[in-house]
Amino acid sequence: MRTLRELTDRARELANELVDSDFVRCISHKDADGITSAGVLCTALYREGIPFHTTIVSRPSNELTEDINQEEDETVIFFDMGSGQPDIIKKIDKKVLVADHHPPEYRDEVAYKHLNPHHHGVDGSSEVSAAGLSYLIAREMNSENKDLSRIALAGAIGDRQHLPLKGVNKKMVSEGVENGVIEVVEGLRLYGDPVNTIPKSTDPYFENLDKKKKVRTLLGRLDIPTEQEINKLPEESKKKLIKTLSLMLLKQGANAKSITDLVGNVYSIKKGPVDYAADLTSLINSCARKERYGMALSLAMAEDSYVDKAREYREEYQKTILMELSRVRSRIKEHKSIRTVEVDKQPTKGTLASVTVNCLLPDKPVLAYYVDNDKQEVKVSARGNEKLIKRGVNLSKAMSKAADVAGGRGGGHNIASGASYPLDKKEVFFKEVDRVVSSQLGV
Ligand SMILES: [Mn+2]
């Protein structure tokens with residue numbers, strides 16, 4: 001694999017810079033991938049006895065660069081960002097390293113050294129996330145850091161690069177397995193005992209198993225033990241459960257992919273802070289949603305002191321999203337080629353749109369929106385699924401076009417995109433998205 005060798009050589013150059021530094025300032029993105037990137041690097045720096053300071057942000061800003069310029073940090077490293085904001089990075093008058101997997105938007109490299117898979121023929125959207133890049137750097141700092149593969153894996157899962165793992169991610173996990181910190185088994189991608197786990201699940205979402213009582217009745221009928229962790233159930237029970245859950249998803253209208261993804265590789269991790277990589281991802285996300293970045297980072301450094309608190313945050317969020325999901329069918333509005341639904345709580349809109357288009361109503365893109373009365377603004381998250389994308393849907397284009405028409409801002413990816421615009425243009429915006437999506441579908 002020539003490309004991986006090139007990427008590793010580059011990672012070694014960044015590692016050498018870091019090891020030679022007296023102080024490292026680390027800036028990373030506020031999602032699970034960004035936070036685990038920081039966690040992996042900070043652990044590696046800690047092990048080398050190099051002091052560091054980490055900041056978690058949503059994007060690089062002028063304010064941040066001014067802060068950095070005033071400090072005496074020697075080396076600054078950005079994770080999961082920096083490829084799309086060359087103008088801001090350029091303003092930093094320190095030695096700047098960038099480790100990012102987003103497609104570069106610069107012609108000449110503006111940082112001192114960039115580590116970006118796209119420069120080496122590696123696909124950054126599916127084969128390696130920022131956490132994987134941080135792992136490559138940490139591994140070059142000291143081969144003992146191979147145990148950090150279990151943390152970086154949680155980052156790859158956060159960026160949904162695990163269905164299935166490819167390229168650098170796959171290599172990283174096999175090193176984790178060799179190292180005894182990751183164990184891979186095929187099973188149900190649900191974590192915990194069935195009675196507590198199934199009613200709260202949103203990936204996938206089981207519409208008719210929203211109460212513990214319903215799950216207990218179902219398990220009783222199938223003669224499946226209720227207290228045992230799902231992936232520790234006897235083979236026979238596991239098979240019965242998979243069959244029944246798949247059938248329920250099919251009946252409620254879920255798309256094929258969310259049914260097949262019910263079963264897959266389950267990654268258990270050793271040496272803390274929790275038993276499964278996917279659980280770590282979700283706990284980090286739960287802290288990040290509450291802007292408790294210090295807690296999130298401590299989880300990503302394998303500290304277990306905040307695990308219970310993080311679980312509490314997750315419970316709280318799950319309650320809100322499940323409440324929204326329980327009324328989505330009655331609230332949804334049909335348009336020619338899209339569906340729209342209003343949410344009561346702004347942070348749920350992305351998840352709500354995504355669960356709806358994957359698990360309930362997969363034949364049209366879903367736009368979930370929140371009306372911000374204070375700002376007189378509408379905030380929208382649009383989600384599609386792979387099948388819609390194959391048929392020609394591009395939500396990034398549709399949303400940015402409609403935002404132009406409505407006097408707002410919008411964009412993102414073809415499958416997941418967002419926008420905000422003035423409240424008095426609420427319907428104008430939806431009409432325009434509907435028109436663009438219809439033309440993309442040729443209907
Ligand atoms: Mn990322």
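The buried residues of helix 13 pack against helix 2, strand 2, helix 6, helix 12 (277-289) and helix 14 (307-326). Contact here means that the C-beta atoms of two residues, placed from the backbone, lie within 7 Å. Helices (H or I, at least four residues) and strands (E, at least two) are DSSP runs numbered from the N terminus. The model is predicted: local features need pLDDT of at least 70 and side-chain atom pairs count only at pLDDT 80 or more, while totals for chains, interfaces and linings use all residues. Residues are numbered from 1 along each chain as its sequence is written.

**Helix 13**

- Seven of the eight residues of helix 13 (293-300) are buried, a term that requires 20 or more other C-beta atoms within 10 Å of the residue's own, with C-beta atoms placed from the backbone.
- The buried residues are Tyr293, Met295, Ala296, Leu297, Ser298, Leu299 and Ala300.

**Domains 1 and 2**

- The domain assignment, which is automatic or from a database, gives domain 1 (2-178), domain 2 (187-324) and domain 3 (328-441).
- Between the C-alpha centres of domain 1 and domain 2 the distance is 29 Å.
- Domain 1 gives 20 residues to the contact and domain 2 gives 19 residues.
- On the side of domain 1 that touches domain 2, helix 2 (32-48), strand 2 (52-57) and helix 6 (149-158) each supply two or more residues.
- Helix 2 provides the largest share of that side, seven residues.
- That side of domain 1 consists of 11 nonpolar, five polar and four charged residues, where Ala, Val, Leu, Ile, Met, Phe, Trp, Tyr, Cys and Pro count as nonpolar, Asp, Glu, Lys and Arg as charged, and the others, Gly among them, as polar.

- Six strands form an open sheet in the order 8-9-10-11-13-12, with mixed pairing; two strands pair if DSSP finds at least two bridges between them.
- Strand 8 (333-334) and strand 12 (409-412) are at the edges and have a single partner strand each, so one side of each lacks a neighbour in the sheet.
- Four bridges join strand 9 (339-342) to strand 10 (366-372) in the parallel sense, and Thr340 has Leu367 of strand 10 as its bridge partner.
- Helix 16 (349-360) packs on the sheet against strand 10 and strand 11 (377-383), with its direction at about 155° to that of strand 10.
- Angles run from 0 to 180 degrees between N-to-C directions, with axes fitted as lines to C-alpha atoms, for helices over the stretch in contact.
- Helix 18 (395-406) also packs on the sheet, touching strand 11, strand 12 and strand 13 (416-422), and its direction makes about 5° with that of strand 13.

Technical notes: A residue is buried if 20 or more other C-beta atoms lie within 10 Å of its own, exposed if 12 or fewer, and partly exposed in between; C-beta atoms are placed from the backbone.
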